[in-house]
Number of protein chains: 2
Amino acid sequence: MALRHAVLAALLEGELSGYQLTKAFDLGVANFWYAQPQQLYAELTRLEKGRLIAGREVIQEARPNKRLFHLTDAGLAELEEFTAAAAKPSFIRDDLLVKVQAADYVDTEALMAQLSERAAFARAKIDLFGKMLRSMRGDRTEGEFLRHGHRIGPYLTCLRGLAFEEGNRDWCEHTIAVLRERQKAHVQH
Amino acid sequence: MALRHAVLAALLEGELSGYQLTKAFDLGVANFWYAQPQQLYAELTRLEKGRLIAGREVIQEARPNKRLFHLTDAGLAELEEFTAAAAKPSFIRDDLLVKVQAADYVDTEALMAQLSERAAFARAKIDLFGKMLRSMRGDRTEGEFLRHGHRIGPYLTCLRGLAFEEGNRDWCEHTIAVLRERQKAHVQH
DNA sequence: TAAGACTAGTCACTTTCATGACTATCATGG
DNA sequence: CCATGATAGTCATGAAAGTGACTAGTCTTA
């Protein structure tokens, strides 16, 4: 029951089609969850059956018809219940960390390539988050916006995403530097 | 195929029993993955069947007998192959972020309680990581250790875990402060 | 003007993860 | 001397997440 609530939270923004949701959850734009189209469509079906969301069909001319979903009262209640329930601690769970854990025993070259790829990915997301934050707060300062803005949830999660990716970038760069220096030292012997 | 490689990477440390592994992966001590005992035992069984690890029984007097596992050559090869393969990007996936995303619509009191619980948890882990790092590097400085230490993988992943938890702590505290100030402002109207 | 990307979604299937309940024995504290 | 808690695991089952393959029309651009 996890993606479930992420979808409900996303629908707080207003009406969204399944396809729009996939855009948000897909390429990592959603900074608080991630899921693939198939999972989202399946979840939407389940949620609609449970009457936590309701959809209405929109007939379109130039492109396929779509269904726009919105939260029902029951859906909002469910989300509130979920928020009140105790959260389990979260952990990093990342292939790349497993690989670095094994760094002393495996091919360093391949590992460094992956670390720099990840660093590049992180930089791209940092960029994206910066733009999203700016667009959410408009011409107000961050402090101003957080004090008086009317919808700060997405802004706050975006801030976490930003910090997380900055952490990724810094760690990847640092790790690369360490591995490179050891490589150099090793060659000299 | 993810826990699988995390277990292999953990066994690089040397021989470990299933029970010792659970201690490492359990309460979040392992900074690069997390799993419950049942999953680990199941994974160990699978890995042994696939001959990626091998176990030997140790008969004990005062406590139950145990099986110590170690990597086989095939296991090391598998780990190397895994490390060379492209890593998929990782995402934060956290209940708490979903809840904050909904912050504008749900009970703030309960949410703040969870945020401060999480902050406390993060502080505890920061402490733990600090101790682990110190014990790994001994009396050397970090730079010294990273240049010349003979096993730096766990140290590097530990650094990522530390930074992650510092990020959690800071974000939780900041978010609490923001929510509290809004609450205050709201009451005054 | 054909290839490729975008909108909009579905079906079937597998792999992973998580949970609860259970069995033993021994050591320690109150 | 009895209740915890640590050591060392096992079994069964359910929930969640991930993957591949597909349909079908439209818009863009090289």
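Two strands are taken to pair if DSSP finds at least two bridges between them. In the predicted model described here, β1(B) meets that criterion with strand β3 (residues 66-71) of chain B, the two being joined by two bridges and running antiparallel. Within this pairing, S17(B) stands opposite L68(B) of β3(B). On β2(B), six bridges connect the strand to β3(B), again in the antiparallel sense, and A54(B) faces H70(B) of β3(B) across the pairing.

Six bridges link β2(A) to strand β3 (residues 66-71) of chain A, and the pairing is antiparallel. E57(A) is positioned opposite R67(A) of β3(A). Strands of a sheet pair through backbone hydrogen bonds, in either a parallel or an antiparallel arrangement.

Two helix pairs of chain A were examined for packing geometry. Helix α1 (residues 3-10) of chain A packs on helix α4 (residues 73-84) of chain A at an angle of about 120 degrees, and the axes are 10 Å apart. The two helices, α1(A) and α4(A), are therefore oblique to each other. The crossing of α1(A) past α4(A) is left-handed. From α1(A), the residues R4(A), H5(A), L8(A) and A9(A) meet G75(A), E78(A), L79(A) and F82(A) of α4(A). Classified by residue type, this contact of α1(A) with α4(A) comprises four nonpolar, two polar and two charged residues.

The second pair consists of helix α6 (residues 108-137) of chain A and helix α8 (residues 153-188) of chain A, which pack at about 155 degrees with their axes 8 Å apart. An angle over 145 degrees counts as roughly antiparallel, and α6(A) is therefore roughly antiparallel to α8(A). The crossing of α6(A) and α8(A) is left-handed. By class, the contact between α6(A) and α8(A) contains 19 nonpolar, six polar and 10 charged residues.

The relation between the chains was then considered. Two copies of a chain are related by a rotation about an axis and a shift along it. Chain A superposes on chain B through a rotation of 180 degrees with 0.0 Å of shift along the axis, at an RMSD of 0.1 Å. This is the relation of a two-fold axis. Of the interface residues of chain A, 100% are also interface residues in chain B, so the copies meet through the same surface.

Technical notes. Residues numbered from 1 in each chain as written. Chains lettered and ligands numbered in written order. Predicted model: local features only at pLDDT ≥ 70, side-chain atom pairs only at ≥ 80, totals over all residues. Heavy atoms only, no water. Helix = DSSP H or I, 4+ residues; strand = E, 2+ residues; numbered from the N terminus. Axes fitted to C-alpha atoms, helices over the stretch in contact; angles between N-to-C directions. Parallel < 35°, antiparallel > 145°, perpendicular 65-115°, else oblique. Left-handed = near helix turned anticlockwise from the far one by under 90°. Contact = heavy atoms within 4.5 Å. Nonpolar A, V, L, I, M, F, W, Y, C, P; charged D, E, K, R; others polar. Least-squares fit on C-alpha atoms with pLDDT ≥ 70 in both.
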